[in-house]
Amino acid sequence: MTIRGARREDAQAITAIYNEYVLHGIATFQEQPMSPEETALRLDETASASLPWLVAEESDRLVGYAHASKWKGRCAYRYTVESSVYLHPSATGRGLGSKLYEALIAELRERKLHSVIGGVALPNDASVRLHEKFGFRKIGHFEQVGYKFDRWIDVGYWQLNL
């Protein structure tokens, strides 16, 4: 597996992975599939904020990605980011998420950021284990804040100070 910085030409493959979660999972609360053009705009927004967006490739096929985004818009939050990791369904359970997260955290440390926050739609034992493996600790739990697939969903927040 190779991990590298995302490029605009990755938008199609990133969109395909993300839309699997939009249509079939609760890892995102987005309910309508995205277009590659929308993904390209998100890639541009991440780059313009000087934040990392990484992709993982196996045999010249994009199998996952991880990125950081601004936590909130106010200036005082500028050293805090939110992290996201998504894998193609065929790539789960093989440690690829851990490798992506490790690379993302290293990039965030290089950028002198202070805090990383991971939001997890619950239940999601795999995501909780992933965050805690890297030293994130649970700092909050919001009950029934998302509604998707005809049910209420809780969200937990994990934080890592770099």
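**The sheet and its surface**

Modeller: The fold contains an open sheet of seven strands in the order 1-2-3-4-5-7-6, with mixed pairing, where strands are DSSP runs (E, at least two residues) numbered from the N terminus. This is a predicted model, in which local features need pLDDT of at least 70 and side-chain atom pairs count only at pLDDT 80 or more, while totals for chains, interfaces and linings use all residues. Residues are numbered from 1 along each chain as its sequence is written, and side-chain values use heavy atoms, with hydrogens and water left out.

Colleague: What makes strand 1 and strand 6 the edge strands?

Modeller: Strand 1 (2-5) and strand 6 each pair on one side only, and pairing requires that DSSP finds at least two bridges between two strands.

Colleague: How do you know that strand 4 and strand 5 pair?

Modeller: Strand 4 and strand 5 share three bridges in the parallel sense, and the criterion is at least two, so they count as paired.

Colleague: Why is strand 5 called mostly covered?

Modeller: Seven of the eight residues of strand 5 are buried, where buried means under 20% relative accessible area, exposed over 50% and partly exposed in between, with a 1.4 Å probe and protein chains only.

Conventions: Helix = DSSP H or I, 4+ residues; strand = E, 2+ residues; numbered from the N terminus.
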